[in-house]
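I opened my notebook to look up a few places in this structure. Here is what I jotted down, entry by entry.

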Amino acid sequence: MSATLISRLTRGTGPSNAVGLLALLVALVLLFTLLLPGRFDNYGTVQSMMFQLPELGLLALAMVIPLISGGLNLAIIATTNQCALLMAWIMSTWMPVGAGGIETAAIVALALLAGLVLCTAIGLLTGFLVATMGVHPILVTLGTKSLIDGVSIWLTRGTVVSGLPESFQWLGNGVLLGVPVPFLVLILAAVAVGLVLTRTSFGISIYMLGSNL
Amino acid sequence: MPEWLGRLTRHTEGLLLLVILLLGLLLTLLSPYFLTLSNFVDLIESYSVTTVLALGVFVVLVAGGIDISFAATASVAQYVTAYVATAWGLPALLCIPLGLLVGLALGCLNAALIYYLRVTSIIITIATMSVYFALLMWVTGGKSIYALPDWWSSRIVLWQTETASGDLVRITLPILVAVVAALLTWLLMTRSAAGRQLTAMGGNVEAARRLGVDLAAMHFLAYGYLGLMAGLAGLLQAHRVGEAVPNAMYGNELNVLAAAVLGGASLSGGLGSVGGVLLGILLLAMLQNGLNLLGVSPYFFQIVIGLVILVSTSITGLSTRVRRRDRRAAAA
């Protein structure tokens with residue numbers, strides 16, 4: 001059983017190093033458990049990691065697709081920032097004082113939609129420049145990173161947009177059945193990206209694009 | 001389009017020169033301070049560190065690689081030198097070579113990792129950037145060294161004159177260093193066999209290998225040269241600001257890369273010229289200076305830089321594509 005598991009892990013698409021990473025992970029967990037007896041191997045530590053991990057995890061999921069296609073996107077953080085700013089701005093300025101449950105939900109939904117539309121638009125523009133103009137992805141995203149960051153800083157003057165509805169903050173801070181909500185979001189996103197990459201012709205085309213353009 | 005204009009715009013350098021001249025004309029009309037000798041010299045001086053770094057990056061780009069650990073390398077070289085100069089009181093004649101050597105060694109480490117592990121250069125240098133910088137911050141605790149010795153921090157004016165308008169024009173050491181670095185890079189890339197081999201490797205690794213180019217040596221040359229330039233830039237930066245701050249140069253990687261790329265260095269290797277890099281830096285410098293003089297919000301500057309990169313690389317990309325199509329049509 002273990003042999004098939006290992007062979008399945010190593011087989012994966014592309015130069016998979018899942019076994020090495022897993023071994024490293026196990027070694028690290030053992031090391032910290034031995035070095036920090038009682039402080040590392042408890043659910044609080046695991047839970048706090050589940051709170052910290054998702055942001056990096058989601059960004060890595062975003063990065064993996066251009067990487068597989070043979071490119072790279074330096075503008076992911078800038079895009080995330082700008083979309084977060086837009087969502088926060090919509091939620092904090094459009095929300096009427098003393099809004100009811102439905103109204104709040106509508107505005108949160110609108111903000112999420114606007115953020116996704118903005119991110120998608122930025123992604124499509126990047127894709128257009130890479131595919132149609134024939135510019136190296138690193139250069140395109142170097143330009144878009146600078147442009148997006150510039151627009152964000154210029155519009156906000158470098159200040160903070162705050163005042164988000166409490167019901168929305170649950171997405172980042174909430175706990176569902178002992179599991180932090182952001183971690184659940186990460187799991188959902190990872191499964192979705194995994195399915196798209198391995199079970200759709202679009203995903204397989206991305207691998208083919210990356211191995212031989 | 002008249003013929004000379006067509007010939008000028010066929011090369012990235014010519015196009016860049018045209019844009020710079022147009023921009024210069026525009027800024028001269030808009031601001032009386034722009035076209036003064038002192039403004040121009042100040043501009044070159046303040047971009048001297050970027051120039052030295054961009055020249056090193058250019059060599060790596062031509063060789064078909066990329067390195068973004070150079071700012072971390074420069075910081076490490078700068079700090080090590082500042083430490084031995086202040087804590088041990090070593091003289092300039094020992095400190096300067098030491099700083100350059102530290103840069104060279106870190107660059108060669110990059111080369112070794114990239115060549116012997118066969119990992120893409122961007123991945124390796126992201127890793128080493130992180131390692132070099134984190135080690136520096138960990139060892140130093142983020143403490144700056146303010147009391148640099150006089151030989152290092154005092155301003156060295158090689159030549160100065162007063163213009164008719166009363167402005168002081170000073171040719172300082174950083175300008176000389178940038179010029180020497182540019183000359184050295186130009187000699188390496190166009191007047192030496194090694195430079196031709198670097199270009200060949202960037203153009204087509206397999207073809208270069210079959211021609212008998214020593215790929216390992218070329219990797220060490222390219223990344224080592226960038227390391228050397230980074231060490232030099234680190235020393236120069238401390239000279240300009242009079243202190244060694246561990247994270248002063250960190251985070252500036254992309255601007256330097258942008259300058260090299262604007263000048264026509266291609267990320268796929270084998271292309272670019274020292275003149276192009278210098279023009280790229282001049283364009284960035286003029287844009288920043290001009291926007292400042294015009295009183296445009298500094299927040300806006302980054303937007304302009306982004307647009308300039310996107311437009312210039314798109315033009316280069318499109319024209320390569322069109323030329324390739326023309327050639328194919330001619331062959332058919």
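**Entry: Ser121(B)**

I looked up Ser121(B) and found it in helix H7 of chain B, residues 121–140. Helices here are DSSP runs of H or I with at least four residues, strands are runs of E with at least two, and both are numbered from the N terminus. The model is predicted, so local features need pLDDT of at least 70 and side-chain atom pairs count only at pLDDT 80 or more, while totals for chains, interfaces and linings use all residues. Residues are numbered from 1 along each chain as its sequence is written, chains are lettered from A and ligands numbered from 1 in the order written, and side-chain values use heavy atoms, with hydrogens and water left out.

Is Ser121(B) buried or exposed? Ser121(B) is buried, at a relative accessible area of 10%. (Buried means under 20% relative accessible area, exposed over 50%, and partly exposed in between, with a 1.4 Å probe and protein chains only.) Setting aside neighbours within four places in sequence, I listed the contacts of Ser121(B) as Gly65(B), Ile66(B), Ile114(B) and Tyr223(B). Contact means heavy atoms within 4.5 Å.

**Entry: salt bridges**

I then turned to Arg240(B) and Glu45(B), whose side chains meet in a salt bridge at 3.6 Å, N to O. Arg240(B) sits in helix H12 (residues 215–241) of chain B and Glu45(B) in helix H3 (residues 37–46) of chain B, so this pair ties together parts 195 residues apart in sequence. Arg240(B) is partly exposed at 35% relative accessibility, whereas Glu45(B) is buried at 13%.

Next I visited helix H11 of chain B (residues 205–210), where Glu206(B) and Arg209(B) lie 3 residues apart, about one turn of the helix. Their salt bridge has its closest N and O atoms 2.8 Å apart. Glu206(B) also meets Arg210(B) in a salt bridge, at 3.0 Å from N to O. Glu206(B) and Arg210(B) are 4 residues apart in H11, so about one helical turn separates them. Through shared partners, Glu206(B), Arg209(B) and Arg210(B) join into one network. I checked accessibility too: Glu206(B) is partly exposed at 33%, Arg209(B) is partly exposed at 45%, and Arg210(B) is exposed at 66%.

**Entry: a strand pair**

I followed strand E1 (residues 157–162) of chain B to strand E2 (residues 168–172) of chain B, and they pair antiparallel over 5 bridges. Pairing needs at least two DSSP bridges between the strands. Which residue in E2(B) is the bridge partner of Val157(B)? I found Thr172(B) there. The two strands form a hairpin with 5 residues between them, and Gly166(B) in the turn has a positive phi of about 95°.

**Entry: two helices in chain A**

Last, I looked at helix H5 (residues 101–131) and helix H6 (residues 137–156) of chain A, which pack at about 145° with axes 9 Å apart. Axes are lines fitted to C-alpha atoms, for helices over the stretch in contact, and angles run from 0 to 180 degrees between N-to-C directions.

Terms used
A salt bridge is a side-chain nitrogen of Lys or Arg within 4 Å of a carboxyl oxygen of Asp or Glu.
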